[in-house]
Structures are given as C-alpha cells and as structure tokens.
Amino acid sequence: MKKKLIALLLTVTTVISLTACGKPFTCDLCGEEKTGKKYKETILGTEIIYCQDCYKELKELGDMLK
C-alpha cells in the first residue's frame, strides 16, 4: 500500500510539473496565444516577445540572407 501511494504521488507531481511549464503569452509577431519557450528582444527601445515558431522562421530567413 505504501509503495502504491508513493508511486501515485510521484505520478501526480510529474503531471503537475509538465503542465505548469509555461504561462500563456501572446506573440507580438504572429498575434497567437502560445505556451512554451518565448523569446524577448529589444528593438529601437521596444521589447518584443515572440514564439518559437516565429523564431524558427526568422532564423531561416537570416540563414537565407547570409
């Protein structure tokens, strides 16, 4: 019984930690509400926040311009 209780507590803790990884934010580039990794840049004194999808697109564009 004790092992089952410990296993249940570990499972619940893992699930909670996975679901609480990131607060939702709105990407300034695509306008969509996202969760997960967000990127911040300051351009001309204005801070912009963008999502991982937009980051990948910007990186690809930068690689094309090299």
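How many aromatic pairs does the structure hold? The structure, which is a predicted model in which local features need pLDDT of at least 70, side-chain atom pairs count only at pLDDT 80 or more, and totals for chains, interfaces and linings use all residues, holds two aromatic pairs. Residues are numbered from 1 along each chain as its sequence is written, and side-chain values use heavy atoms, with hydrogens and water left out.

Rings of Phe, Tyr and Trp (for Trp, its six-membered ring) are taken to pair if their centres lie within 6.5 Å, and the planes of a pair count as stacked when under 30 degrees apart, as edge-to-face when over 60, and as tilted for the rest. In the pair formed by Tyr39 and Tyr50, the ring centres are 5.7 Å apart and the planes are at 15 degrees, so this pair is stacked. Tyr39 belongs to strand 3 and Tyr50 to strand 4, so the pair ties together parts of the chain that are 11 residues apart in sequence; here helices (H or I, at least four residues) and strands (E, at least two) are DSSP runs, numbered from the N terminus. The rings of Tyr39 and Tyr55 have their centres 4.2 Å apart and their planes at 5 degrees, so that this pair, too, is stacked. Distant parts of the chain are linked by the pair, since Tyr39 is in strand 3 and Tyr55 in helix 2, 16 residues apart. Tyr39, Tyr50 and Tyr55 form one aromatic cluster.

In soluble globular proteins, nonpolar side chains tend to be buried together. If neighbours within four places in sequence are left aside, Tyr50 is in contact with Phe25, Cys27, Leu29, Lys38, Tyr39, Glu41, Tyr55 and Leu58, contact being defined as heavy atoms within 4.5 Å.

For Cys27, which is in no disulfide, the nearest cysteine sulfur is that of Cys30, 3.6 Å away, and Cys27 itself is buried, with a relative accessible area of 1%. Cys51 is likewise in no disulfide, the nearest cysteine sulfur being that of Cys54 at 3.7 Å, and Cys51 is buried with a relative accessible area of 2%.

Charged side chains form two salt bridges in the structure, each defined by a side-chain nitrogen of Lys or Arg within 4 Å of a carboxyl oxygen of Asp or Glu. In one of them, Glu32 is joined to Lys34, with the closest N and O atoms 3.3 Å apart. In the other, the side chains of Asp53 and Lys34 meet at 2.8 Å, N to O. Through shared partners, the salt bridges join Glu32, Lys34 and Asp53 into one network. Apart from neighbours within four places in sequence, Lys34 is in contact with Lys23, Pro24, Phe25, Cys51 and Asp53.

A further local feature concerns Leu44, which lies in the loop between strand 3 (38-43) and strand 4. The phi angle of Leu44 is near 50 degrees, a positive value in a residue other than glycine, and Leu44 is exposed, with a relative accessible area of 86%.

Key: Buried means under 20% relative accessible area, exposed over 50%, partly exposed in between (1.4 Å probe, protein chains only). A disulfide is a pair of cysteine sulfur atoms within 2.5 Å.
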